[in-house]
Amino acid sequence: MGYCPNTPEEIREMLAVIGAGSVEELFSPIPQQLRAKSFELPAGMSEFELMGIMREKARVGGTEIVPFIGGGIYDHVIPAAVDHLAGRAEFYTAYTPYQPECSQGTLQALYEYQSAICRLTGLEASNASLYDGGTAVAEAALMALRVTGRNAVVLDASVNPLHREIVCGYLASLSAGVVEVAPAGCASDLERLMGCIGPETAAVVVQNPNFFGTVADFTALAAKAHEAGALLIVACYPVALGLVKSPGEMGADIAVGEGQSLGNTLSFGGPYFGFIATRKRFIRNLPGRIVGETVDQQGRRGYVLTLQAREQHIKRHKATSNICSNQSLCALRGLIFAAALGKRGFEELATLNYDKARYAQGLLGAIKGVSVLNRESFNEFTLALPKPAAKVVTRLLDRGVAAGVPLGAYYPGMDHALVVTVTEKRTKAEIDALAALLEEALWN
Amino acid sequence: MELIYEKSVAGRTGVRIPLSDVPKAAPLPASLRRGDAAAFPEVSELDLVRHYTNLSRRNFSVDTNFYPLGSCTMKYNAKVMEQAGALFAGCHPMLALLPGGERLVQGPLSLVYEVEQQLAEITGMDEVTTQPLAGAHGEMTGIMVIAAYHKARGEKRKYVIVPDSSHGTNPASAAMAGYEIITIPTAPYGDMDLDAYRAAMNGEVAAVMMTCPNTLGIFNPHIAEICEIAHQAGALTYYDGANLNAIMGKVRPGDVGFDVIHVNLHKTFGTPHGGGGPGSGPVGVKKGLIPYLPTPRVVRTADGSFGVEAHPEGIGRVSDFFGNFGIMARAFAYITLLGGEGLIEVSEMAVLNANYMMARLKGEYELPFETTCMHECVFSASRQLKEGVHAIDIAKYLIDRGFHPPTVYFPLNVKEAIMIEPTETESKQTMDAFIEVMLEAARMTRENPAALHEAPVSTPVGRLDETRAARAQQVCCEG
Amino acid sequence: MSMYFTKEHEWVKVDGSQATVGISGHAAHELGDITFVELPQMGKVVKQFDTLAGIESVKAASDIYSPVSGKVVQVNGKLEDAPELVNESAEDAGWICKLEAVDASELAALMDAAAYAEYLKGLE
């Protein structure tokens, strides 16, 4: 039981060394009135019984449903090498690399990961990962408050609604202001966003592609923000960055995003990883762990956790963030994924997603009464349906397809809108079937 | 060892991506496209596998070395848990939030519900949320729940009290939730100075955050009184569950008087540490705080099925879905596998092992507090310091002898601290081997301290220039 | 000009109505290799013992408290690129900032060099 190896004989020996008569004696400093009032848990079992229970739970997990859904989490291919390498026990049973000499595996991998994120986003400094995409946007907003010394954030409402809830929660705790700017159809309302930037604005936060799937260029917005002494934060979808303009190229100050689409499984919500990258001059304001390059006394190159004075274990309540754990293993999977595909493979993957989505968009947009709302998009696009989207989705789920995310719950007045996601895993046959099912659901 | 980027050769191809079965589309306009492709490395799959396989071999890990990092609970990660977690790889979380989607994901939803129940019973709390993605995230969530509670009562409380021995995440999390911190020093008995605490507690304090046993591995006999004092002033009590491995089945924070707690699944419940994460920090609360939990919640409906319900009065969302489900699935597997008796045995053996360590090492190493420890023991290398040997030198020597060092320089209120947490999964023979080397290091301090200053010499790199790293700030490789 | 010291290990040299502030050699030694000095904003007004600046090493971070009241009129820009100056010469070239409108009577609350040396002995 419990993987406790010591035999009764060994236990006796140890008690003798300690000078205690029994194991229970070791708990004697705990007063009787503090003892557990109950500890009702079922009896344990063997691996065999356990896997029976787990398999039964996994059986009704929605894995047979064809997912044309995203919502920030995407069904992408994961090369076999990712599981194999991230599954090495030296990686997954190690801990935070506090002793760098015996943790160069983790440290160098995180340095390579940081480098990958900088290359992906077109920025200059990254940390060793955050918890997820939603908290990453929140941490970026807090970072902007620190950098500028200001107390308010302008938040584009075409940023993922789940992420916006998280951001608002974090900012409300610190009594910082949030101004949400409604979208103009499926795109950011650039004019209004620019109009909302004032002397108290620490940052403007946008997402590319946005929750509707629209791809945009925020270069002009970056310039406007900078004029007012504010920062531009761009939340992005990593696979899209194989094709679309990077935050760095737009002049953004901070890029964040959900890293799940890089080599991490859907796993019903996690674990994933958030990434954050910024300009070199803001590096001291980054939250979380950072790995840096250095040398040892013999001049051999090595890697260490660095700039630790920013973190909670040193600065305590004045730390840049309360973060302790990062998402090391998930970030490692992301890195291996990127390296497995390589520079060209990653670009090809993005292009394939784009092509598949255009095919689906053409087919679905041609259905009577259906129109496509986005001008330009990557692998997600928004349809306007002639019927409420929620009902259509429910009906199609019964037919084994998750047709998209209905927007009525997130955007007032948009209950006929549906965001459809098409990744490289959706075959032509699946897309054709979706079109047929959708037509039937709308008109039969 | 070269970086993966240094092994890159232009034109090398890696994995093949799926073939296209659709027409090539007209590209995005240039103004929306990126200029150059992201410069990911170009290596063959063999080079990729060799690189990361070799890189992994530069790590110490639980599966390869004794890893007694105090405060981290580096117990064995059961392999069946990995098998169990992998079963849910293909479950899309968005299905649970789609209209009509809940019935398709009853399996995972039942797991969320049941692991919350398991944790509630283990900790003596009324309800649990699994949304927080790590321990520190749980601390922040818990303090936000406390803030919402006070706000709903129209109370304006500004402060959170923490002992100076607390983990840095405690004050950092309270600060993120908008509070100012009052720090109370440690008294000679080994935990928070009660007089200073009583003096600091008043109607402006929102909460006190305690770890029990504390970061010195000592069970605070006044813990119930500390909760009482807080409650009398209308403040709430927060329990940091990082050290829960010491008391399962013996003490439940909910029974003692704690209103809000968090647990670390990657510590107590054996999910792998992953090189620094991912973790998971579920938060438990007493009845009066249930309304303030994050949204949404998994509920059991009248027909016995599981649903997803909005929780509008609460603090909102702290993560997108239900938390780090893959980690929760592993923890559920662990709790189910061990059962109640198994968990009790875990705590008993964890405490036995740490006391054995303490008894065998206290001859050579200074014990700052002379009391029985629980699942971890803290020494000070103050005797060794007299010969010019620091805790860090002992740590580096251990590396040469094949052991991952214990935690050093924490907690902050012990000089040259060495915190050893063997965990229950270590055998007497492993511990004896470690103890021998610790005793050897103490002897070498007297006989040959220079050798300790040189360590480690057997690793691919020796002691690294951390000053240079912090000043140069080279965090990504040029390219 | 004499140097005066605070319990928190800052030093000050007063010259008329101007003062120069830094941290003591002892403090620099305790911190270890300095990696960053958070210099105060020009024009910042502080009261005696208010937080004035910040300093970081590899393993620690500390606030620097002002030994006297005054207004920041100069900062040691060299510390931006060479924080190690504080380790090399904490009580001279590693000065942190200069204050104006200083009241010399506040020095009575501080220790002179001899008293500080005694104080350090007591800390051991």
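Which domains does the domain assignment of chain A give? Let us start there and then move on to the other chains; keep in mind that this is a predicted model.

## The two domains of chain A

The assignment gives domain 1, made of residues 66-75 and 346-443, and domain 2, made of residues 80-337. Notice that domain 1 is written as two stretches of the chain. Taken over C-alpha atoms, the centres of domain 1 and domain 2 of chain A are separated by 28 Å.

Where the two domains touch, domain 1 of chain A gives 22 residues and domain 2 of chain A gives 20 residues. On the domain 1 side, the elements giving two or more residues are α12 (328-365) and β12 (380-384) of chain A. The largest share of that side, seven residues, comes from α12(A). By type, the residues on the domain 1 side are 11 nonpolar, six polar and five charged.

## Where chains A and B meet

Now look at the contact between chain B and chain A. Chain B gives 173 residues to it, and chain A gives 171 residues. On the side of chain B that touches chain A, helix α9 (residues 325-361) of chain B supplies the largest share, 22 residues. That side of chain B is made up of 93 nonpolar, 52 polar and 28 charged residues.

In soluble globular proteins, nonpolar side chains tend to be buried together. Here, the largest nonpolar core has 324 residues. Helix α9(B) contributes the largest share of this core, 23 residues. Both domains of chain A take part as well, with at least three residues drawn from each of domain 1 and domain 2.

Which residues have the most contacts inside this core? They are A:A141, A:V205 and A:I233. You can find A:A141 in the structure and look around it: leaving out residues up to four places away in sequence, A:A141 touches A:V153, A:V167, A:Y170, A:L171, A:A203, A:V205 and A:I233. There is also a second, separate core of 31 residues, which includes C:A27, C:I34, C:L39 and C:V46.

## Chain C as a whole

Chain C has four helices and 10 strands. Reading from the N terminus, its elements follow the order β-β-β-α-β-β-β-β-β-α-α-β-β-α. The radius of gyration of chain C is 13 Å, close to the 14 Å that the globule rule gives for 124 residues, so chain C is as compact as a globular protein of that length.

Along the principal axes, the C-alpha atoms of chain C fill a box of roughly 35 × 35 × 20 Å. Of its 124 residues, 40% count as buried. Among the contacts in chain C with a separation of 6 or more, 63% are between residues 24 or more positions apart.

## A close look at C:L52

To finish, let us pick out one residue of chain C. C:L52 lies in strand β6, which covers residues 51-57 of chain C. Is C:L52 buried or exposed? C:L52 counts as buried because it has 23 C-beta neighbours inside 10 Å, and the cut-off for buried is 20 or more.

Setting aside neighbours within four places in sequence, C:L52 is in contact with C:V21, C:P40, C:V46, C:I64, C:Y65 and C:S66. One of these, C:V46, is also part of the second core.

Notes:
Residues numbered from 1 in each chain as written. Chains lettered and ligands numbered in written order. Predicted model: local features only at pLDDT ≥ 70, side-chain atom pairs only at ≥ 80, totals over all residues. Buried ≥ 20, exposed ≤ 12 C-beta atoms within 10 Å, placed from the backbone. Contact = placed C-beta atoms within 7 Å. Nonpolar A, V, L, I, M, F, W, Y, C, P; charged D, E, K, R; others polar. Rg over C-alpha atoms; globule rule 2.2 N^0.38 Å. Domains from an automatic or database assignment. Core = buried A, V, L, I, M, F, W, Y, C linked by C-beta atoms within 7 Å.
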